[in-house]
Amino acid sequence: MKTTRLSRRVFLKGAVVAGAGLTMGFDLAGGRRALAQTEPFVPNAWIRITPDDIVTVIVGKSDMGQGVLTSMPMLIAEELEADWSKIRTEQAPAAPQVYGNPAIGGMQLTGGSTSVRSSWLTLRQAGAAAKEMLVEAAARQWGVDPAACTAENGAVLHPPTGRRLTYGQLTDTAARVPVPPNPKLKDPKNFKLIGKRVKRLENPPKVDGSAIYGIDVKMAGMLIATVVRCPVFGGKAKSFDASGAQAVAGVRHVVPISSGIAVVADAYWPAKLGRDALVIEWDEGPNAGLSTAGIRAMLEAAAKQPGRVARQEGDAATALAAAARRVEAVYEVPFLAHATMEPMSCTASVRADGADVWTGTQWQDGTQKVTASITGLPLEAIKVHTTLLGGGFGRRFEQDFVTETVEIAKAVSAPVKLVWSREDDMRHDFYRPATYNALAAGIDAQGRPLAWSHRIVGPSIAARAFPPLIRDGIDPTSVEGAANIPYAIPNIHVEAIMKDTGVPVGFWRSVGSSQNAFITECFLDEVAAAAGRDPYELRRALLTKSPRHLTVLELAAAQAGWGKPPAPGRARGIAVAESFGSVVADVAEVSVSSEGEVRVHRVVCAVDCGLVVNPDTVEAQMEGATVYGLTAALRGAITIAGGHVEQSNFHDYPLLRINEMPTVEVHILPSAEAPGGVGEPGTPPIAPAVVNAIFAATGTRIRSLPISTHELRRV
Amino acid sequence: MATLNVNQREYTANARPDTPLLWVLRDSLGLTGTKYGCGMALCGACTVHLDGEPVRSCVTPLSAAQGRAVTTIEGLAPSSDHPVQRAWVQEEVAQCGYCQPGQIMSAAALLARTPTPSDADIDAAMAGNLCRCGTYQRIRRAIHAAAKLAGGTR
Ligand code: FES
Ligand code: FES
């Protein structure tokens, strides 16, 4: 049994922070939190046990639907031998030194599908340490050897005498037991909770209206703000006339802030009417002439130059020149908006001695830092209260809406809730990068792929959001899913060119893999067609040295009935992609009507995400990530004209609806390996699986997304 | 001052008569279970019942709701135990959950009209409710489950 040494310092430090959490814990479950009792036992930053036997788990991750308010407590409860019915949750304060994510540079950040991966050992150790302390406490109280005691279902037992004390009865004594430096973890074969379909703790408040999202925060004296920003990226307000806005009943303030002009009112509607009445003259700046066609030409021109090499194996150029057959293609993807169902929102109260911020953030210490820098207050004086997130997908990592709220709250000296409209949200996002890709492959006379070359041109997310990520001129987020293609092709050359377009770009569910899986998995299908080989069999032949990919691919193909004819009028496409430590393969069953309408009927999804904490959550994430990727593949596009985003709401940025929902069958590969990511890896393979199925149905090869921009006809 | 009947309670709201019911509920009455998603009747997040019929409260002016019975997610069932709510928990429908009050209000209205809906009935009644988290497959399953739960308790 492997155990990892715990830093006692972290535990002790953590206890202090959790203590602070007692007074400021934000009630996210709509008033269902247990009242804090006297003498809680707080063994570390994640656990608080009160005499009423309630075990409160302090969760350092943000809930955006991926289930962390259940999976994090499961990791603790498993080792703590807690009574699951006594588990409650509370969101952690901003304290990266304790809740920081080691997988992401120690930032307190929920992203990169890292929640379970980064907590897998830490939280189990926290639970195991607390359990050992409770056992020791009981043994002391009984005057027996702790080795003769066992813990189970929220109590310590002494089987020889039949004595039993609940955890709640032991809080006083346990608080005086030293923290064990090296708690012993359970053998996975003895897990009682991990791997089970545990009911989601956070779901009941999500069905009765009591769940609190950022947009739902209320406090006494709170005003509501809207902000008008320059429609053109990078533009600024030159002058404005507030008289019309101020004439609206209920409007209290009109204040310029760094991103535009804020209208602050008693409620949202007067704030919105006030905003409509504002007259603003903009300085549109250098991006005023930007257009989608111009950006495309910019990327295409940049692609004429060689890029920085992300992967080099063998000599692709020579092998291509000597190949019996060459396949060449250009693949393109558009900008995409996140379009979380809850538009951006944030509430802030700024006082002389401190500030509080309530928001659904994916990055607590980022929120804390921007608030400190705007208010001039020390970090310790800034309290961040994490609400539920009405969708994250990478958008709520950004701090733009926090910055605006804090600036407004400071300017008007009152608590302020900022509510973005859907139009604000659509037009002022950080978009999934548009990219231009030149690919070439060489095939030998026997139909074996010998060479693969891929040049990626696009804006860099890291350059804007996190420059230290860039190594040797390469943003790893632009080549993920492209540089690491798993296929045994002897000559591989992948290179990338960073090209800023003036459009702000950001992390969008599964990031680079979201587009690179489409590009590489569709191009590989082209190679298979050129070589006259079955796309599944060719992949198998090239995956002999990538057993994880191979197993997942074979599972999806077997479940989908690959090789047997599909229902009349339907065709199948297949794709596999690894991202965030997990591998997912999809087989999509698609039909194309005589009018060219694409319908996805069925998606068979196989996933290897290592050891599974909650299979129901894995299935839910695969279903949801499939829909997210399918919306993008079928019709997702943000286009630019006159330097601004042309789309504004769901009529021109349409999402998949229930009447278009395919059946999604999820098959989880049994695994004892350490957990992989789950929130994002379901997105990458769906676009190529569908596009490859469209090729099988129509003979038309789609090389740019979305699919809706192509004229299709069934063959 | 306008009076409004919400969840069988009389409220007075200090809002202009053309204020969308959504913002009256959320800002004046503090009933934040009804969500804002688009403001243009495109997403269904704001769905409430007006005399039992599902409406998009973001495009329903306060004046049109006066003198009628408004039901929001908070008032759908006294102990949040409407068959649709029970089915939603049983089937673990919610991911982020933001769209779900609207989904549940639409589904409850569907079942009131059509106690045992087919998949096609579900598609027709629910196509106006977007879910960015992609919970549609479970919504479908949960509506069938709710139909059974409701049948069982009748
Ligand atoms: S907010 Fe009313 S339909 Fe979207
Ligand atoms: S559950 Fe998140 S939008 Fe539906």
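## Helix packing and charge pairs

Author: Over all chains, 53 salt bridges are counted, a salt bridge being a side-chain nitrogen of Lys or Arg within 4 Å of a carboxyl oxygen of Asp or Glu. The model is predicted, so local features need pLDDT of at least 70 and side-chain atom pairs count only at pLDDT 80 or more, while totals for chains, interfaces and linings use all residues. Residues are numbered from 1 along each chain as its sequence is written, chains are lettered from A and ligands numbered from 1 in the order in which they are written, and side-chain values use heavy atoms, with hydrogens and water left out.

Helices here are DSSP runs of H or I with at least four residues, and strands are runs of E with at least two, numbered from the N terminus. The crossing of α2(A) and α4(A) is right-handed, meaning that the near helix is turned clockwise from the far one by less than a right angle.

Contact (heavy atoms within 4.5 Å) involves, among others, A:M72, A:L75 and A:I76 of α2(A) and A:W120, A:L123 and A:L134 of α4(A). By class, this contact has eleven nonpolar, four polar and three charged residues, where Ala, Val, Leu, Ile, Met, Phe, Trp, Tyr, Cys and Pro count as nonpolar, Asp, Glu, Lys and Arg as charged, and the others, Gly among them, as polar.

Helix α4 of chain A also holds A:E136 and A:R140, four residues apart, about one turn of the helix. Their side chains form a salt bridge at 3.1 Å, N to O.

Between chains, the contact takes 61 residues from chain A and 49 residues from chain B. About 4,600 Å² is buried between the two chains, 56% of it on carbon and sulfur atoms; buried area is the accessible area (1.4 Å probe) that two parts lose on being put together, summed over both. Five salt bridges are found across this interface. B:R26 and A:D216 also meet in a salt bridge through their side chains, at 2.9 Å, N to O.
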